[in-house]
Amino acid sequence: MKHIQADIVIVGAGGAGLRAAIAIAEIDPEIEIALISKVYPMRSHTCAAEGGAAGVKLSDDSLEMHFNDTVSGGDWLCDQDVVEYFVEQAPRELVQLEHWGCPWSREDDGSVAVRPFGGMKKKRTWFAADKSGFHILHTLFQTSLQFPSIKRYDEFFALDLLHEDGRARGVVAMEMRSGCFFHFSAASVIMATGGAGKIFPFTTNGAIKTGDGMAMAYRAGVPMKDMEFVQYHPTGLPGTGILLTEGCRGEGGVLVNKDGYRYLQDYDMGPETPLGEPVFKSMELGPRDRLSQAFWHEQKKGNTVPTAWGDCVLMDMRHLGAQRILERLPMVHELAVSYVGVDMITDPVPVRPVVHYMMGGIASNIEGETPMPGLFAIGETACGSLNGANRLGSNSLTELLVFGKRAAAGAAAFAAENDYPREAPALLAQAEAIVARVRGLLQKSEGNESVAGIRGEMMNSLEEGAGIYRDEEGTEIACKKIAELQARSAAIKVNDKSNVFNTDLQGLLELQNMLDAAECVAEASNARKESRGAHQRMDYVERDDENYLKHSMAYRQPGERPRIDWLDVTITRSQPGVRDYSGDKK
Amino acid sequence: MGTRQIELEVMRYNPEKDEAPWFQQYSVPCEEDWAILDALIYVKDNLDSTLSYRWSCHMMVCGSCGMTVNGEPHLTCKTFIRDLPDKVRVEPLENFPIERDLVVVLDDVMQKLQLAKPYIIRKDDPPPEDEEYPQSRAALKKFKQYTMCINCMLCYSACPQYGLSNDFIGPAALSLAHRYNLDSRDQGKAQRLDILADHDGVWECSFVGACSEACPKNVDPAAAIQQMKVDGTMEWWKQKFGLTGDKP
Ligand SMILES: Cc1cc2nc3c(=O)[nH]c(=O)nc-3n(C[C@H](O)[C@H](O)[C@H](O)COP(=O)(O)OP(=O)(O)OC[C@H]3O[C@@H](n4cnc5c(N)ncnc54)[C@H](O)[C@@H]3O)c2cc1C
Ligand code: SF4
């Protein structure tokens, strides 16, 4: 095993990991950074984000309004100190990206343009056409190239955390091209490994979003927070799950059922708004959880449109006209033509809700600290409780930046204050054990289960039991099923015995991680006996602030179901109220 | 939806075992709306889990899944079964060493992206931290197309010059340098033009335009290279006659 010494290890080179790396390099070029990523940084899934990043910009808007939208959008499960810090820092971070060269779309006067987004009361979403995440990621990656202290380890697959006396000490990773194992030791570790959408069958998430960082932390005893909150995006393409950004609706696209009726008005989001004149926080600009739930009801009523890929509703953009569609939404136009053969200029596009974003993740706080000293978590893999029970679209790209920077400062300070022995025998033994586990998987010559088989069963059981609507029985079945699959996964044989770029082995390691994340989702969905934001229980239809104005915290108990604890929500100034999506018409 | 049986002929290479690459046949029942990438995923999940290839987003933006399909460089998530015959040959990108099966070694091009100094370089201070640079739509339009590069490296695979010698810095890296040169916020053009002065810079390009033809994102790297030649010549004259003070 090779040994690499750094001051700070960052696992993940998406938007969050890159922002943190740059911040550390700027704090002190002497700090040695090891930036580990299982794919080249610009392949990270931040590249797929289309719509944009939120930050107050115009004079008719205010930090207060951004705060209120976020907290009510999150159904009061956001930690309000976190939201306050976030809305305050957001504009500065977006300007920082502008200074680094991000090609934001512009207004006529040369200032950066902003667009409306679901659940937001004002225009405050900064965008670069419909490739906002792509441009943010490439801007960060390219900017990072000027800092020699950022040492990259591209296509290194992180396996597990190293920790001693309750403190994070590094990670073990496998170099994909050689199969060699690397022991990274560091004074602090930042997890920035992204989400886990691939635990569900229909998702906008890429192949790499397998919850690795969550599972690594969970196995190391760190709790997973609010894992029951899984965001469905109401407008994915059927079949592939490819996203048609909320920007489509922001620009004026509407949703209709099989009768051409704008059904959202039947679900407390009306009254109907004039075609092509979207009204903030109503109808098509309601929040994602409500829109996805409305689809579910329309499907039950038989109002959806049957297609070759299953039931859909239609998103109609025709009234926007070719010019606006091609200028503002060129990528989604191309995606719809390519993957479902529909030209949105002339025809409505079939769409359905697809899993999009994990509100839950590694428990972290406003500093990006986790309960394990020396371990920080940022981006989608973390749950810093900005997003509460339902993330507002375009808050998370900004979250990567704001908390990437903040955690970087914390990790640098921690590294400066906490020296540590360079050679630690206990850690070496831990690293050897991790390597032995992986070698064992590779060498196993018997087994009648397959990665694809168990993965498929996992996805279906979550969709069934922990999908848009849940109940006691369904979640219980899902919990049992995931436990069964975990046991059965021990009988998977890796057919590929090569050391070089072994994606068969990687697939198994990712599956194990996904099963850990899936366990948390199913168990937390079972434990929360109320309906809030993205977590809707048919047997507990009301929000229950008396008992559940709390974060769920899932602790791993090897061989048993996880223990679920509850942590109070931080409330500074907004008491739980009613989420109103009638565009102030009520 | 109907399915169509496709005979996939896939290049395999395991450096630990194989002396040379070889082809393996897979018969894949493809749905009509599938891309080649879906067929490869089918193989991996159902027929042969030892096949290695890169992929992630399946929406033409992460740049991972470039391969040679029936002799031409393509993103496999964007190459549809409906446009292909019943027999399809899939090979790794050309002009790169093969790492394993359909995975190629990208070290060289990653290095080259860095050479382009792809970040804003300033002589003057930037605006205060809460103020943007103003940039007109016209100014944005000047470089926007060159920001679209997803680093899929299809252009290197298509480039005859890069095929001859890896010394050539190549289409994507040059487009990237050009992108920053054209950005109204940047003042680092003179530094970047240095890479042209090197023997492996822009002058090596023989202008057959194969890069632009291969590019799945309409970046048009050939146009960037052409424009950079002009810029390079101008800069050379300027420096020769001391018209610019910023030669490092
Ligand atoms: C299609 C789509 C559209 C979206 N649109 C928007 C939008 O418009 N606005 C918005 O605010 N949000 C949007 N989001 C959400 C947002 O893009 C993501 O939440 C965010 O980009 C996640 O960034 P990240 O840095 O946390 O993770 P990622 O960008 O996913 O990066 C994860 C990194 O971790 C690395 N990694 C993972 N596991 C390992 C391992 N085991 N070993 C080593 N490295 C590892 C990966 O290589 C990668 O570098 C969208 C999401 C999707 C899927
Ligand atoms: S210029 Fe085009 S072909 Fe070349 S790497 Fe960029 S996107 Fe790919």
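**View 1. The domains of chain A.** Domain bounds here come from an automatic or database domain assignment, and on that basis chain A is divided into domain 1 (2-229 + 359-425), domain 2 (234-353) and domain 3 (429-544). This is a predicted model, in which local features need pLDDT of at least 70 and side-chain atom pairs count only at pLDDT 80 or more, while totals for chains, interfaces and linings use all residues. Residues are numbered from 1 along each chain as its sequence is written, and side-chain values use heavy atoms, with hydrogens and water left out.

**View 2. The contact between domain 1 and domain 3 of chain A.** The C-alpha centres of these two domains lie 24 Å apart, and 40 residues of domain 1 are in contact (heavy atoms within 4.5 Å) with 39 residues of domain 3. The buried area, which is the accessible area (1.4 Å probe) that two parts lose on being put together, summed over both, is about 3,500 Å² for this pair, and carbon and sulfur atoms give 63% of that area. On the side of domain 1, A:Met176, A:Ile199 and A:Glu228 lose the most area to domain 3, together 20% of what that side buries.

**View 3. Salt bridges between domain 1 and domain 3 of chain A.** Six salt bridges are counted between the two domains, where a salt bridge is a side-chain nitrogen of Lys or Arg within 4 Å of a carboxyl oxygen of Asp or Glu. A:Arg219 forms a salt bridge with A:Asp516, and the closest N and O atoms of that pair are 3.1 Å apart.

Technical notes
Chains are lettered from A and ligands numbered from 1 in the order in which they are written.
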